[in-house]
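Thanks for coming. I'll go from the overall dimensions to the strand pairing, and then stop.

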Amino acid sequence: MAAAAPHLTPVTLELGGKSPVIVAADADVEVAARRIAWTKLMNSGQTCIAPDYLLVDSAVRDELVERLVAETARMRGGAGGGVRIVDARQATRLAGLLADDHGGTVVAGGTIDPETRTGEPTVVLDPRPGSRLMTEEIFGPILPVLTVDGVDAAIAHVNAGPKPLAAYVFTGSSRTAERVTREVPAGATVVNHLMFHVLVPRLPFGGVGRSGSGAYHGRFGFETFSHRRAVLRKPARPDPGIVYPPYDGRTERLLRRIF
């Protein structure tokens, strides 16, 4: 951006961030758990729009966590051990997040092995909001779950931090969905699912604030990465004299109609 600024060159940045999942008390918990587990397992959680942490209403928290752990095990086909981490440096970073004094309770998984570059799918219940788990982008198979007392508290928590690349909300209420969409600034909002917006080429994809700027996909991609310059070519001949002054009254009226 610094290099582009002196030339006023447009820049598109997709920077990721901590994409939250709000689970309201009226959500379909079974479906929410299944979809959260599925998307968090994709590429071992190493995608820019992976669910980074959950904000779950206290009324459904225990059921959601239980189903989330069960769905994760089921989707892995009973396989034990860890999932693949891209390299030893990232595995070491993830292990450090868990070793940090986060104040939460590990309810599933908990082992990250930098030597083998693997990590267990891990669920951490109620870590401190100021811990590294809750302030740094995870980009791996660790999923913190924070208990909240309703949608108000969930929205306040998200808006207290940097704007996310994506915000997800599970709810049975159109009013709640509209409220989260309206009150939580994010690169995108997905209701009752996760990550699917990136599969729609007609939707702009990008961040806002610290999660990025600009957008791409479809028409938006052409506008982001290209400058569409108008080019007109005319032959030298014929060169009709009607376009040049001095004009008589008839010619002037004609040119006014044209221009």
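The protein has eight helices and twelve strands, and keep in mind that this is a predicted model. The radius of gyration is 26 Å, whereas the globule rule gives 18 Å for 259 residues, so the protein is more spread out than a compact globule. Along the principal axes, the C-alpha atoms fill a box of roughly 90 × 45 × 35 Å.

Next, burial and surface. Of the 259 residues, 40% are buried. The accessible surface is about 14,600 Å², and carbon and sulfur atoms hold 54% of that.

Then contacts. Taking contacts with a separation of 6 or more, 65% are between residues 24 or more positions apart.

On charges, there are 30 positive and 27 negative. How far apart are the mean positions of the positive and negative charges? The answer is 14 Å.

Now the strands. As a reminder, strands of a sheet pair through backbone hydrogen bonds, either parallel or antiparallel. I have one example of each.

The antiparallel example is an open sheet of three strands, in the order β4-β7-β6. Its edge strands are β4, residues 83-84, and β6, residues 112-113, and each of them pairs on one side only. Between β4 and β7, which covers residues 118-119, there are two bridges, and the two strands run antiparallel. If you want to find that pairing on the screen, look for valine 83, whose bridge partner in β7 is glycine 119.

Is β9 largely enclosed or largely open, and why? Six of its seven residues are buried, so β9 is largely enclosed by the rest of the structure. Buried here means under 20% relative accessible area.

Which strands pair with β9? One is β3, residues 53-57, which pairs with β9 in the parallel sense over four bridges. Another is β8, residues 122-125, also running parallel to β9 and joined to β9 by four bridges.

For specific residues, go to valine 145 in β9. Valine 145 is the bridge partner of leucine 54, and valine 145 is also the bridge partner of leucine 125.

Key
Residues numbered from 1 in each chain as written. Predicted model: local features only at pLDDT ≥ 70, side-chain atom pairs only at ≥ 80, totals over all residues. Heavy atoms only, no water. Rg over C-alpha atoms; globule rule 2.2 N^0.38 Å. Buried < 20%, exposed > 50% of the residue type's maximum accessible area, 1.4 Å probe, protein only. Contact = heavy atoms within 4.5 Å. Areas by Shrake-Rupley, 256 points an atom, 1.4 Å probe, with all protein chains shown as cover. Lys, Arg positive; Asp, Glu negative; His and termini not counted. Charge placed at Lys NZ, Arg CZ, Asp CG, Glu CD. Pairing = 2+ DSSP bridges.
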